[in-house]
Each structure stands twice: as structure tokens, then as C-alpha cells.
Amino acid sequence: MSTLLVKNIALLATFDDGRREIPDGALLVRDNVIEAVGTTHELGGRRADRALDLSCHIVMPGMVNTHHHMYQNLTRVMVQDDELLVWLKTLYPVWAELDDEAIAASARIAMAELIQSGCTTSSDHLYVLPNDCTLDTTIEVAREIGLRFHAARGAMSRGESQGGLPPDRCVEKEEDILKDAERLIHRYHDNSRHSMSRIVLAPCSPFSVTPGLMQEAAAIARAHPGVHLHSHLAEELFEETYCQEIYGKRPVEFAESVGWLGPDVWFAHAIFLSSAEIDRFAETGTGVAHCPSANMRCGQGIAKIREMLDKGVNVGLGVDGSASNDTSNMFMEARLAMMLQRVAPHKYLSEAPGGRGGFGGTPKALSAREALELATRGGARLLGRDDIGYLAPGMSADFIAVNLNQLGLSGTERDPLAALVLCGPFRVEYSFINGKENIAKGAFTGFDVEAALARHRKTMDRLHRY
Ligand SMILES: [Zn+2]
């Protein structure tokens with residue numbers, strides 16, 4: 001048993017049910033759980049094994065990243081100016097050379113980058129598993145680094161010879177995929193409160209697996225409490241055409257036909273949704289991982305996040321894979337989510353009579369606080385967690401601190417919380433995950449950055465020989 005009292009916090013943004021923002025705040029942590037939240041006046045006298053003074057800092061809940069492909073750190077800055085189809089077809093052959101060592105090297109970099117940018121829980125969608133690669137590797141790296149982790153067992157089973165998009169050597173047999181899903185659940189899925197490891201089943205997309213695999217994955221997930229379902233949906237218009245041609249359905253209709261709408265399902269992107277489909281997401285509790293950087297980088301479009309939020313759809317943020325972002329920075333994602341929604345065509349302006357040129361957005365589309373809420377509470381909901389996403393007694397001790405005494409935050413005293421989005425992105429100076437201090441005074445406490453970079457470079461040299 002050990003206790004930590006964090007006090008004199010310049011501003012403590014709890015994101016709790018009352019959205020309390022407490023000047024001169026304090027947090028009392030017992031082991032991995034928050035025991036009390038209040039002002040320094042209220043908690044300052046409590047006895048603790050350790051006290052931490054954060055009088056120059058803003059503290060908020062650790063952010064939750066809901067969509068990533070960490071192995072793509074090995075193919076950053078490639079295919080810079082082509083669409084997703086070309087992007088995928090160029091990168092598949094490089095990914096076909098992945099092995100466990102490469103997956104570990106890239107995951108280490110991605111996780112460290114995430115933690116440095118304020119993330120304390122992440123999912124990773126690993127859907128290319130050639131050369132006997134396993135998810136075990138990434139799960140072990142997460143354990144080693146101390147990141148709260150939802151490993152998504154991705155899969156592709158329809159290679160080119162079966163009318164799918166990926167080359168045959170990147171795909172797996174469906175029976176192997178399902179057997180491995182069961183194995184991973186039994187080995188790593190911990191559905192208890194404050195769990196550090198959960199499993200998600202995540203066939204890659206409607207154009208790389210069969211409807212049968214989607215159905216069977218859903219059946220396995222639903223036989224195990226807390227195992228959620230994740231995939232890509234409505235990311236590109238070609239997917240819509242593909243679904244119409246192959247299944248005679250729109251992507252959302254296809255998802256519904258295979259049992260993939262529900263509170264235990266969240267999809268990355270969901271850009272091309274009609275208003276009726278957004279209603280369907282809201283009615284069924286289906287979630288959306290919004291990935292603004294990747295959507296802009298690949299010129300895909302703007303998801304209707306404002307409409308989704310107004311209708312009660314669960315929305316979180318995702319940095320998406322490092323080959324389409326090309327970074328893993330949660331503050332940046334929150335900032336871009338806010339910015340992109342603001343330039344989204346606003347229907348009243350875009351439909352303005354008189355043939356006005358261009359289109360108009362609105363600064364009311366998404367606020368800085370809403371963007372941070374997507375990154376915290378929103379992400380936690382998508383992952384099915386009621387123990388992370390805000391700071392309150394009984395919640396997991398996942399919190400971050402940003403130093404307010406820095407150039408990029410000067411002049412923001414009247415609203416430092418909004419400044420984290422309006423002036424960002426920033427690095428954290430402290431990161432606690434499950435009560436453990438991962439970053440202190442701006443540096444990792446137990447992670448060797450130089451060694452991780454060296455291993456990543458070595459892996460790059462090996463992989464890009466092909
Ligand atoms: Zn993705």
C-alpha cells in the first residue's frame with residue numbers, strides 16, 4: 001500500500017460528471033486508485049507516503065486513444081500524395097515482411113510517443129500478421145512500458161485471389177484467426193476494474209474479410225464479457241461502392257447484417273454516414289473513433305462529429321496508424337478534431353441562396369473542452385470502461401500534468417484548459433498510469449528512449465531492404 005498526495009495544482013480539470021475545474025486542486029491516490037479529489041485546502045492535510053507539488057501545472061485525466069496501427073511506425077512518410085487504395089497497395093508488400101521483432105520495435109516507439117503526448121490508455125489494431133507474428137508481442141511491450149492497453153486482434157482473410165484487396169501472402173485462414181482470438185482472450189483478457197489488458201476482436205474492413213468471419217468474431221466476443229468489437233467503416237467512397245457491388249448494401253447496412261451494430265462495437269472513421277445511419281448508431285450505441293489527422297492526410301473527408309454528438313453517438317479520438325498520420329500525438333488529435341469540425345461545411349451557409357462561392361464553417365462546431373472530452377470520457381466509453389476517462393474517487397489513477405510555465409502557454413492564464421487545445425500540441429511533464437509514475441519532470445522514469453530508437457532504426461534497415 002502506498003499513497004500519493006498531489007497538491008497545489010494550478011488547475012485540476014476533472015472531467016467528472018459535474019465537469020469540475022478546481023483551482024489550487026489536489027488528488028489523493030492510494031496505489032492505483034484515486035481516493036479523493038478536491039482543493040489543496042480540503043486535502044492538503046491528509047497524510048501520504050509521498051507529496052508532489054504541481055503549482056505550475058494543469059492536471060487532467062490521461063487521454064484514451066481508440067484507433068492505431070502501431071506497426072506502421074516502420075512505414076512513416078511513405079505514399080504521401082496518393083489515395084487509400086494506392087497507399088494500401090504500396091504498403092502491403094512492405095508489411096508482408098513484418099515479424100515479431102519488428103512489431104515490438106515499432107510498438108515501443110508508438111507507445112512512448114503516445115504517453116509523451118498525454119495518452120494513458122490505447123488500443124492497437126494489428127491486422128497484418130505475416131510470418132507467424134502474434135499480438136502477444138505488443139501486449140508484452142505495453143506491459144513493459146506500463147500503458148493501459150486494449151489489443152485489437154485484427155485480421156484479413158480475403159486476399160486478391162478471393163476478390164479482396166490485400167495480396168494473398170498478407171492474409172490468414174479464418175479458422176486460424178478465430179482460434180487465435182479465443183487463445184488471446186483466455187490468456188490476456190482481464191475484465192476486472194482497473195484492468196491493464198483487454199482483448200478486442202477486429203476484422204480489418206468489409207473489403208478484406210468475409211461476412212462469415214465478422215459474424216463469428218461477434219459471436220466469440222459476445223461470449224466473453226468485456227470483449228469489444230472494432231473495425232474500419234465508411235472510411236472511403238470506394239468501400240461504399242464495394243459493399244454495394246459485393247453485398248448489395250451500404251456499409252452500415254452491411255455491418256448491421258452481420259451483427260456489428262451495438263454498444264460493444266466501435267468503428268474507425270465513419271465519414272460517409274447518412275443522417276439516418278447516424279441515428280442508427282445512436283439508437284444502437286455503436287461508437288465512432290474519429291481520426292482527423294489521417295482523414296486530412298489522406299484527403300478522405302470530414303466525419304459529421306457535431307451531428308453525431310448532438311444525436312448522442314459515442315465518439316472518441318484515434319491517432320490512426322503512423323503511416324497515415326504520421327504521428328501519435330493525442331493533443332494534436334484533439335486540436336485537429338476541433339479545427340476540422342469548424343471548417344466542415346455548415347449546412348446553413350453551404351445552402352445559402354445566391355450561389356455564394358466556397359463553403360462556410362462555424363466556430364461553434366466543436367469547442368476546445370468538447371475536443372478534450374472526446375479524448376478522455378469519449379474514448380473510455382468506446383472501450384467499454386467506467387474506471388477511466390475522468391478523475392473522481394474510485395477511478396483508476398491515470399492522470400497527466402502539463403507545465404504552464406512555457407512559451408506556448410504564456411498569456412493563457414484566464415483559461416489554461418482550453419489553451420491545451422487552442423495553443424497545442426504539448427508534451428506532458430508528468431504521466432501517471434494505474435498509479436505508476438511513467439514520466440516525471442518531462443522524462444521517462446523507466447523507458448530507455450535511445451535504446452528504443454536504435455532498435456527501431458535497425459529494424460527499419462532490415463525491413464526496407466525488401
Ligand atoms: Zn486505421
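Helix α3 passes helix α16 in a left-handed crossing. A crossing is called left-handed if the near helix is turned anticlockwise from the far one by less than a right angle, and right-handed if it is turned clockwise. Helices (H or I, at least four residues) and strands (E, at least two) are DSSP runs, numbered from the N terminus. The model is predicted: local features need pLDDT of at least 70, side-chain atom pairs count only at pLDDT 80 or more, and totals for chains, interfaces and linings use all residues. Residue numbers start from 1 along each chain, following the sequence as written.

Two packed helices are described by the angle between their axes and the distance between the axes. Axes are lines fitted to C-alpha atoms, for helices over the stretch in contact, and angles run from 0 to 180 degrees between N-to-C directions. The axes of α3 (residues 100-116) and α16 (residues 449-463) cross at roughly 135 degrees and come within 9 Å. That angle makes α3 oblique to α16. Angles under 35 degrees count as roughly parallel, over 145 as roughly antiparallel, 65 to 115 as roughly perpendicular and the rest as oblique. From α3, the contact involves Glu101, Ala102, Ala105, Ser106, Arg108, Ile109 and Ala112. From α16, Val449, Ala452, Arg455, His456, Thr459 and Leu463 take part. By class, this contact of α3 with α16 holds 7 nonpolar, 3 polar and 3 charged residues. Ala, Val, Leu, Ile, Met, Phe, Trp, Tyr, Cys and Pro count as nonpolar, Asp, Glu, Lys and Arg as charged, and the others, Gly among them, as polar.

Ile109 lies in α3. It counts as buried, with 22 C-beta neighbours inside 10 Å. The term buried requires 20 or more other C-beta atoms within 10 Å of the residue's own, exposed means 12 or fewer, and partly exposed falls in between; C-beta atoms are placed from the backbone. Apart from neighbours within four places in sequence, Ile109 is in contact with Asn73, Ala452 and His456. Contact means that the C-beta atoms of two residues, placed from the backbone, lie within 7 Å.

Helix α3 also packs against helix α4 (residues 136-145), at an angle of about 40 degrees and with the axes 9 Å apart. This crossing is right-handed. Asp100, Ile103, Ala104, Ala107, Arg108, Met111 and Ala112 of α3 meet Thr137, Thr138, Val141, Ala142 and Ile145 of α4. The contact of α3 with α4 comprises 8 nonpolar, 2 polar and 2 charged residues.

A further pair is formed by helix α12 (residues 330-343) and helix α14 (residues 368-382). Their axes are 9 Å apart, at an angle of about 130 degrees. The two helices are therefore oblique to each other. They cross in a right-handed sense. Met330, Glu333, Ala334, Arg335, Ala337 and Met338 in α12 meet Ala368, Ala371, Leu372, Leu374 and Ala375 in α14. This contact of α12 with α14 has 9 nonpolar, no polar and 2 charged residues.

In helix α6, the buried residues are Leu213, Met214, Glu216, Ala217 and Ala221. They pack against β8 (148-155), α5 (174-188), β9 (197-203) and β10 (228-233).

Strand β10 contains His230. His230 is buried, with 31 other C-beta atoms within 10 Å. Leaving out residues up to four places away in sequence, His230 touches Ser123, His125, Ala152, Val200, Ala202 and Trp266. His230 and His67 are 163 residues apart along the chain, and their C-alpha atoms are separated by 9.0 Å.
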